[in-house]
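I'll talk through the ligand site and then a few backbone and ring details.

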Amino acid sequence: MNYGQLADGTTIDSYTLTNRNGMTAKVITYGAIITELWVPDRKGQLADVVLGFENLQGYLGESPYFGAIIGRVANRIAAGKFTLDGKEYNLATNDGPHSLHGGAKGFDKVVWQAEPLQVSNGAALQLKYLSPDGEEGYPGNLKVTVVYTLTNENELKIEYTAQTDKATPVNLTNHSYWNLDASATILDHQLRLLAEHFTPVDETLIPTGVIAPVAGTPMDFTTPMPIGSRLDQLKGNPGGYDHNYVLTDKKNPLKLAARARGPISGRVLEIWTTEPGVQFYSGNFLDGSITGKYGRVYEKHAAFCLETQHFPDAVHHPNFPSIILRPGETLMSTTVHRFLSD
Ligand code: GLA
C-alpha cells in the first residue's frame with residue numbers, strides 16, 4: 001500500500017503482515033520501520049504496543065528512531081573515528097562529538113527494497129539495502145537484508161544478513177519502542193534481563209571498556225523488577241537506563257535476553273537473540289514534544305527499547321566482541337520477539 005512520498009518523489013510503501021491469531025505488523029520501506037504491532041492481551045484484546053507516528057511526515061521529521069532498523073553501526077562510536085587495518089576512518093558525527101546509530105543518515109532514513117516472502121508458519125517481508133562504499137564515512141559496499149516474519153506462534157522474528165567488499169564495522173538492530181499496556185509510561189512494567197554484567201559509560205554515554213557486575217546495583221534485573229523502581233539510585237543521574245547489558249548465556253546461539261510484562265494487560269514480551277548484548281533504554285529523551293499515533297503525547301518513559309546488538313563503541317575496545325565484517329564473510333543475526341500473556 002502507498003504510504004506517501006519523499007520530497008524527491010520516491011514512493012514509500014507499507015506492508016501488512018498478519019498471522020493466524022489476528023496479530024498484525026505493519027512495516028514501511030522508509031527505514032524498514034515497524035509502524036504498528038497489534039498484540040493480544042490475556043483476554044485476547046489487541047493493542048498496538050509500539051510507539052510511532054500517524055504518517056510518513058512524522059517519520060521524516062525528528063524521529064527518535066521509532067521502530068527503525070539501525071546501521072551501519074548501532075549506538076555510539078567515540079569521536080566518530082576508528083582505525084581499521086592501519087587506516088583511519090572519519091564518520092559523520094551527530095551526537096555531540098560522537099557518531100550515533102549510523103550517522104546523519106543511517107539505515108533508519110534510507111529506502112529499502114521490499115518483497116513479501118512465502119513462508120509456511122506465518123507472513124514474512126524481506127527488505128534489502130545496498131549501503132555504498134563511503135556512505136557516512138564507512139568503507140565498503142555493504143549489502144544488507146532484513147527479514148521480518150510474523151509467525152503463527154505470535155513471534156516477530158527479525159533476521160539480518162550482510163556482506164561487504166571491504167572490511168567494515170557492522171552492528172545492526174531494531175529500535176522499536178515498547179509499551180505493552182499502551183499506557184502513559186512503562187515505569188510499572190516488570191523487566192527481567194538475563195545479564196549479570198553491563199558496560200558502564202561516561203557522561204557522554206561512551207563505554208569505559210569495563211565489564212562490570214550488576215549485582216548489588218540498580219542495574220540488576222536478573223530477577224524481575226519494575227523499570228521505575230530504582231531510577232533515583234542510578235549513578236550520575238542519567239535520567240534513566242541507557243546501558244548495554246552483557247548477556248550471560250554464551251553457549252546457546254539463540255538465547256533468552258529479556259522478558260518484560262505489562263501489569264495492566266498481562267502482555268509479555270520475551271526477546272531471544274543471537275547477539276551478545278542488549279541496550280536497555282528507558283525512553284529518557286522522550287519529553288512530551290512528540291505526538292504520535294492516535295493523538296498520544298509521548299512523555300518521558302512512555303516506552304522502553306531493548307536493542308539487541310554487539311557492544312557500543314566496540315571498534316575502540318579489543319575486549320568487546322568484534323564487529324568487523326570482512327569480504328567473503330556473511331554476517332548473520334537473529335532476534336525473536338515472542339508475545340505471551342499471563
Ligand atoms: C539508544 C541510545 C540512546 C538514544 C536512543 C534514541 O538507545 O543509546 O542514547 O539515542 O537510542 O534516542
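So, around the ligand there are 13 residues, and the nearest of them are Arg-76, His-101, His-175, Asp-242 and Glu-307; a residue counts as near if one of its heavy atoms lies within 4 Å of the molecule. This is a predicted model, where local features need pLDDT of at least 70, side-chain atom pairs count only at pLDDT 80 or more, and totals for chains, interfaces and linings use all residues. Residues are numbered from 1 along each chain as its sequence is written, and side-chain values use heavy atoms, with hydrogens and water left out.

By class, that shell has 6 nonpolar, 4 polar and 3 charged residues (charged is Asp, Glu, Lys and Arg; nonpolar is Ala, Val, Leu, Ile, Met, Phe, Trp, Tyr, Cys and Pro; the others, Gly among them, are polar).

Now the distances. An N or O atom in the Asp-242 side chain is 2.4 Å from a ligand oxygen. For Glu-307, a side-chain N or O atom is 2.9 Å from an oxygen of the ligand, and for Gln-279 a polar side-chain atom is 3.3 Å from one. On its own the ligand has 300 Å² of accessible area, and the protein covers 95% of that (Shrake-Rupley, 1.4 Å probe).

On to the backbone. His-101, one of those nearest residues, has a positive phi, near 55°, and is in the loop between strand 10 (99-100) and strand 11 (113-117). Strands here are DSSP E runs of at least two residues, numbered from the N terminus. There's also a cis peptide bond between Gly-71 and Arg-72, omega about 0°, and Arg-72 is in the loop between strand 6 (69-70) and strand 7 (76-77). For context, most residues other than glycine have a negative phi, and most peptide bonds are trans.

The whole structure has 19 aromatic pairs, meaning Phe, Tyr or Trp (six-membered) rings with centres within 6.5 Å; planes under 30 degrees apart are stacked, over 60 edge-to-face, the rest tilted. Phe-198 and Tyr-245 make a tilted one, 6.4 Å centre to centre with 40° between the planes. Phe-198 is in strand 18 and Tyr-245 in strand 21, so the pair ties together parts 47 residues apart in sequence.

Terms used
A polar contact is a pair of N or O atoms within 3.5 Å; within protein, one must be able to donate a hydrogen and the other to accept it, and residues adjacent in sequence count only if both atoms are side-chain atoms. Helices (H or I, at least four residues) and strands (E, at least two) are DSSP runs, numbered from the N terminus.
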